[in-house]
Amino acid sequence: MAETTPVSANPPFYDLTDKIGLLSDVKKQETDIEEESYNFRFAETRKPKDRWAAALFGAQFGVALVLNTIGVVQLFSILNPKDGEPLLPVPNEQPYRNAHPALYILPSAAVFAAFTSIFLYQFLRFHTNATVVGSIYAIILAHFAVMILSFLAGATSAGLYFMVPFIVFFVLTVIVKDRVEFAVALLESVTSILNPNMVLVSCAGFLVEAAYAVFALAGMAGFVIHQMFETDDGHVGFKHGTKYAIVYLVASAYWTMQMVPNMMNVILSGAFASHYYAEGGEPSMPIRKATARAMTTSFGSVALGSLVIVAAQAVHYIVGFVTRAVPFIGACMNCGLGFIIAGLQYFNTYAFTHVAIYGKPYVQSAQDTYALFKDSGMTVISNDVITYMCSFALCHTVGLVTAFLGFFWAVGTVRNYYDARGIVCIKTDHGCTDAGLMATDDAFAIGGACWAIGVGCMHLITRVVRAGVTTTIVIVAEDHEMVKRNHPTLYKQVKETYPAVAAKWEENTA
């Protein structure tokens, strides 16, 4: 009888080393399956998604960049001609003591607002529960007080204006009061991760938004001037295709202005996710890696999601234009579409978070976001409401404190500025206005500008916190096993706040 060699049920690995091609095919198939299934796993490396959207954005941005550059050059040549006097007067240099107080009050207000924002953030970090609860009551009481004062002063319209948010905030507080503890746990988790580099990303995003807005506006203005010509009868005409070019530039600018904050959110969400998924230590260069992913493999997904908002805004504009002859219907349509667009922007925030964490294409991220809202929409919204109220209160606290500082500083200096110049009356179209009244108007204007500076400074921090909260909510909902393993304190708070949800998770795991 011929001797046979037994075949092991589990052959050793070295028996398969000669079958390199087979192993490569199996590995490739496993990779393809993983890419197609889009499991809820944090992906450090990933394939580019939505390439066509990235290519489309790049193409339109390149064309818009050329047109805007032509416009900026044209505008600059008009404002600063080579021959003759410049169109804009060049102010004579004056001693600092003769400058208008706004020139030193506003920069000082920015420095004050920055330090106040850092102080309030530190208070939020170390006294989260007190900050959240205090913010909720402060918002309600502030709106109630302004509403009552407005009615007592006979300003019925102002009273009604503040009555609506007072009722909304009061009702929301009653609805979400049982979720405060979990919102506190969310904020504690986020603030323990947040670092100065994340705030620098927020500041960089703001600077890019502001710079591109100025560039786009100047470019469009200059391009319109570039397209002008004088007709035979002495009138001003425009070259053929000018109106289409302007529509294109407006749409391109809006798409780009949508891209910048969305890209910033993807970077921040990716950085927060790196910390949550780090096993036993700090992640390596989380912001740099998140930025690389956002600018490469996830760029198309961000472009596509931003394009959705641009399309919705275009529909909004067209409907408003078509219904302008019937004001009531137009107002109703504009109101309804405004709510839809706001909902889409809120929805996109979570879709972009899925893009940042799991490297999915935009459509798949939108589907998963829809499933998230379908399964636990009120849970997500309730915690978002609490963190939003906290952010709102912190921003306006810094804004109001900075506004009062700027206003009272201006009251004491603007009148002295007019007196030093010997100005007692300022000529206007309606006659002569007393310098004292003009000084008061200037003080209110400076106070309003200081309020905007204060709100903006705190917003640069709170939008990082909001990105962290969104990331945490998505990770808790989609990968609770990782949260249970790496962040037991946060998981315990989820279990205490939502026992039914935690029981369902454990049942599915078992």
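1. Ground rules. Residues count from 1 along each chain as its sequence is written, and side-chain values use heavy atoms, with hydrogens and water left out. Since this is a predicted model, local features need pLDDT of at least 70 and side-chain atom pairs count only at pLDDT 80 or more, while totals for chains, interfaces and linings use all residues.

2. Helix 7 with helix 8. Helices here are DSSP runs (H or I, at least four residues), numbered from the N terminus. Helix 7 (residues 196-226) packs on helix 8 (residues 242-277) at about 175°, and their axes are 10 Å apart. The axes are lines fitted to C-alpha atoms over the stretch in contact, with angles running from 0 to 180 degrees between N-to-C directions. That makes the pair roughly antiparallel (over 145 degrees). Their contact involves 22 nonpolar residues, five polar and one charged. Nonpolar covers Ala, Val, Leu, Ile, Met, Phe, Trp, Tyr, Cys and Pro; charged covers Asp, Glu, Lys and Arg; the others, Gly among them, are polar.

3. Helix 2 with helix 10. Now look at helix 2 and helix 10 (residues 299-322): the angle is about 70° and the axes are 7 Å apart. These two are therefore roughly perpendicular (65 to 115 degrees). Where they meet (contact is heavy atoms within 4.5 Å), helix 2 brings residues including Trp52 and Phe57, and helix 10 brings residues including Phe299 and Leu307. By class, this contact has nine nonpolar residues, one polar and no charged ones.

4. The largest pocket. How much space lies in the largest pocket? About 970 Å³. A pocket is an open set of points on a 1 Å grid over the protein atoms alone, where a 1.4 Å probe fits, with protein on both sides within 12 Å along at least five of seven lines; lining residues have an atom within 4 Å of a point. Of its 33 lining residues, the closest to the centre are Asn265, Gln345, Thr349, His459 and Arg466. Helix 12 gives the largest share of the lining, nine residues.

5. Gln60 sits in helix 2 (residues 51-79). Is Gln60 buried or exposed? Gln60 is buried, at 8% relative accessible area (buried is under 20%, exposed over 50%, partly exposed in between, with a 1.4 Å probe and protein chains only). Pro165, in helix 5, is partly exposed at 21%.

Terms used: Angles under 35 degrees count as roughly parallel, over 145 as roughly antiparallel, 65 to 115 as roughly perpendicular and the rest as oblique. Grid points are joined across faces, edges and corners, and a volume is the space filled by probe spheres set on the points.
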